[in-house]
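Please find below a colleague's note for someone opening this structure for the first time. The points are numbered so that each can be checked against the model in turn.

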Amino acid sequence: MANADCIIIQGSNMAECHPVGFQWVAEAKARGAKVIHVDPRFTRTSAVADRHIPIRAGSDVVLLGALINYVISNDLWFKEYVSAYTNAATLVHEDYRDAEDLGGLFSGFDPETGAYDKSSWGYAEDEGGSIAEPGASSEHGADAAARAAGHSFGSGGPALEHAQVRRDDTLQDPRTVFQIVKRHYSRYTPEMVRDMCGIDVADFEYLARTITENSGRERTTCFAYAVGWTQHSLGAQFIRTAAILQLLLGNVGRPGGGIMALRGHASIQGSTDIPTLFNLLPGYLPMPSVGRHDTLSEYLGAIASKQQKGYWADADAYTVSLLKAWWGDAATAENDWAYDYLPRLTGAHGTYETVMGMLDDEVEGYFLLGQNPAVGSAHGRMQRLGMSHLKWLVVRDLNLIESATWWKDGPEIESGELRTEDIETEVFFLPAATHVEKAGSFTQTQRLLQWRHQAVSPPGECQSELQFFFELGQRIREKLAGSDDERDRPLLDLTWDYPTDEHGDPDPEAVLAEINGRHLAGPDAGSPLSAYTELRADGSTAAGCWIYTGVYAGGTNHAANRTPGREQGPAAPDWGWAWPANRRILYNRASADPAGRPWSERKKYIWWDQEQGRWVGDDVPDFPLDRAPGSTPDPALGGPAALSGDDPFIMQSDGKGWLFAPTGLVDGPLPTHYEAQESPVANALYPQQQNPARLRFPRPDNLSAPSAGTSGVEVYPYVFTTYRLTEHHTAGGMSRWLPYLSELQPEMFCEVSPELAAERGLEPYGWATIISPRSAIEAKVIVTERMTPLAVGGHTVHQIGLPYHWGVGTNAVVSGDAANDLLGVTLDPNVQIQESKVASCDIRPGRRPRGADLLALVAEYQARAGTTVETGNQAVTDPAREGIDQTRED
């Protein structure tokens, strides 16, 4: 980011939420870069930006789509880059029909299941280019449980065969990706941005002009986002839209370009790399599913093809090496490397489905590890009521957080919905070590592994996660010793032999070494692997996470590298270690032109050295080192060998950056604007109001507010959005127990504009009650011009800002109502993340009622709005409209 000429921060309040990383934005700005903050609120980030552009929460695809239209219609796209490095010239299947043809739906949509058959989205003449989702069923109120597993194809997407892909390098054929993208976004205009986002035309033109003037051969623009983009019912498509724009401008794979995914705290990136996610294995390998991946060959055939280009074709090596790392000598060729020891997905098993399973008495026990869902998850009431149905609950944390004490002092105790004496859940609280009381690696924003050294020993019986799970595993294995039950073999056969210190704490470097991997056979047997390209599918290598292979190369902990920046080159390769292969910019082959020359001297990064016959530069080249520009190997070779000299996107199955996603996404090959699950604004682009493939949970305890165009919408006329503060940390478990941080931000508050305050009679620093169809909370009122009323579609849209750090309990220094109690559960279908950045509410002066009166207030609003389980939960907004029947035939 420090090398950017323009930085767009959208979906993030970076200065407050990522203050350490923001130093590089400040450095870029000091060198002359433009910084623009697009956000519903004026924040500390806005205060140091060149311009703040307020936007209606949830309308980002309209703005980004209009920027795409601006770039194409004004002929400002980076033609040489786009033609060589993207799929712009590829032809799409003749049966494909766009959302522009079908009122906001794509071809293949089945309104009965809410799912797409994606076969018509594939490339022309590509027989293996799409994978239809299996039939869906209902699970805990979620339609399409199989589809609810979301992104299940791994980092490279589903297998695609590419030898027969058709292209039109003139880009004139209407079925080329370029022409489809051009037509798709042609109605996303500055006027549409004004009417849908509330951004005036002058601000849009400033943004568009600044981005395009700072892109191209000599200059690069960077986007940065955080959960302000992800936490939506089409959040994955927000990011995809930015990726399309950045590809058109040639800003991917180049210094100062790209899209920076800002990670919220210490190891959020690490928790998806070596995942705490139900549908992924380490290194973004997908979890197997029942009926689709019953054998190893079926699994490998579904996630990668040996005929596709790029390194994802070697997913078999990554998978077998993982199985060897986990089960060692018990994983053999004869038993398919213990593949059957892996559990199989039967549908969606994310946190929200689990909570609904609790409510339906299908879950007996629950572990909470570094999570506080009673405060930090959407629909806090549902979380707490779900836990009341458990037989046992284990909470590991630093403090007695609300998820450990809801049974005695939670909001439902006060309202009378729960009585402590009636709750049968047995709660175990286990004290955890803090980050300074244990050693190990953090994986930060920018994929950087950094080693933390233990500063002090944990007090009392506090344990690190590593020690806790190691000892738990030992105890389980001891109890199962001698068992001849086949289902116990996966636990008994696990490699579980980590060295421990005098306190019984396992050596974290031994775990890092296992993750890195080692040779198991040959002259190097026992030695650490140096790169993921050394992994093999024949059982001769073991690695716990293929993308981390190299972090322990040579037996050295490279995550602990600490060479000061002034003592090394611009990419600073000796500070920490970035996956994969310590590359600091992914796809950096794109930083040079097709002939291998830097696009400009100013943006020189990686280039082809003719004399050496290899790629060289400031970073580790993200490309086969000896693959010369102009190389055209036979695509039938498959894998890395099939990559041409101008295929910089080495993990994509055609080597190109995807402007159009022929498969992989479950809700459309191109990002399309839909309104949030709850919105007082009608979709002006399509008859389809909401994302038709969103994951809906129509339950009496998960009601939604009516949206524009339906009766009752006026009962919840305002929009609220949630955010975090610098002074508090996530759900507050690490900050509301500290007096000095609590003193800085002592009370739950809401931010409202002066206009909204006048409209609703809200007094500065007085109390307000905010009501949604799920709950009502109270907050102190901050009347501020940081919240800007927006003119949208001829109406004024007022937005309310709510920090989400407070919870109701008696153990913290400060407490307050939880913003997330207001939220319902609707999920992005690709990644299963909740929509928590935009929802509908009412606000009125005064404190909320107590006890049963609180429930009566919420019920009274529900009655006035006429909300039922069907409200807002139709997949298709208008099933009678023209195009549906034909879509189903597709």
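**Notes on the predicted model**

1. The model is a predicted one, and in it Glu80 is partly exposed, with a relative accessible area of 34%. Although Glu80 and Pro594 are separated by 514 residues in sequence, their C-alpha atoms are 8.3 Å apart in space. When neighbours within four places in sequence are left aside, the residues in contact with Glu80 are Arg217, Asp593, Pro594 and Trp599.

2. As to annotation, the unreviewed UniProt entry places the feature "domain: Molybdopterin oxidoreductase" at residues 2-375 and 430-474. Taking residues 430-474 by themselves, the chain there is 22% helix and 27% strand, and the C-alpha atoms at the two ends are 18 Å apart.

3. Strand β6, which covers residues 221-225, deserves a careful look, as five of its five residues are buried. Both of its faces are covered, with Thr221, Phe223 and Tyr225 buried on one side and Cys222 and Ala224 buried on the other. β6 pairs in the parallel sense with strand β1 (residues 6-10) over four bridges, and within this pairing Cys6 stands opposite Thr221. A parallel pairing also joins β6 to strand β7 (residues 259-261), here over three bridges, and Ala261 in β7 is the bridge partner of Tyr225.

4. Which residues of the largest nonpolar core touch the most other members? They are Leu285 and Tyr318, in a core of 142 residues, and helix α4 (residues 60-73) gives the most to this core, with nine residues. Not counting residues up to four places away in sequence, Tyr318 touches Leu285, Tyr311, Trp312, Tyr532, Leu535 and Trp546. Apart from this core lies another, of 54 residues, which includes Ala374, Leu385, Trp406 and Ala839. As background, nonpolar side chains in soluble globular proteins tend to be buried together.

5. Aromatic rings form 36 pairs in the structure. One of these joins Tyr96 and Phe106, and because their planes meet at 25°, with the ring centres 6.4 Å apart, the pair is stacked. Tyr96 and Phe106 both belong to the loop between α5 (79-85) and β4 (109-110), where they are 10 residues apart, and both are buried. These two residues also belong to one aromatic cluster together with Phe109, Tyr116, Trp121 and Phe660.

6. Is the pair formed by Tyr185 and Tyr188 stacked or edge-to-face? The ring centres are 5.1 Å apart and the planes stand at 70°, so the pair is edge-to-face, since an angle over 60 degrees is counted in that way. Tyr185 is buried, with a relative accessible area of 0%, and Tyr188 is likewise buried, its relative accessible area being 0%.

7. The charged end of Arg51 is placed over the ring of Tyr206, at 3.7 Å from its centre. The charged end of Arg589 is placed over the ring of Phe623, at 5.7 Å from its centre.

8. Tyr284, although not a glycine, has a positive phi of about 65°, and its place is in the loop between β8 (280-281) and β9 (285-286). Tyr765 also has a positive phi of about 65° without being a glycine, and its place is in the loop between α23 (754-760) and β22 (767-771).

9. Are Tyr284 and Tyr765 buried or exposed? With a relative accessible area of 18%, Tyr284 is buried, because the cut-off for that class is under 20%. Tyr765, by contrast, is exposed, with a relative accessible area of 63%, as the class of exposed residues covers values over 50%.

Methods. Residues are numbered from 1 along each chain as its sequence is written. This is a predicted model: local features need pLDDT of at least 70, side-chain atom pairs count only at pLDDT 80 or more; totals for chains, interfaces and linings use all residues. Side-chain values use heavy atoms; hydrogens and water are left out. UniProt positions are given in the numbering used here, feature names are shortened, and annotations may be inferred rather than shown by experiment. Buried means under 20% relative accessible area, exposed over 50%, partly exposed in between (1.4 Å probe, protein chains only). Two strands pair if DSSP finds at least two bridges between them. Rings of Phe, Tyr and Trp (its six-membered ring) pair if their centres lie within 6.5 Å; planes under 30 degrees apart count as stacked, over 60 as edge-to-face and the rest as tilted. A charge sits over a ring if NZ of Lys or CZ of Arg is within 6 Å of the ring centre and within 35 degrees of the ring normal. A nonpolar core is a set of buried Ala, Val, Leu, Ile, Met, Phe, Trp, Tyr and Cys residues joined through side-chain atoms within 4.5 Å. Contact means heavy atoms within 4.5 Å.
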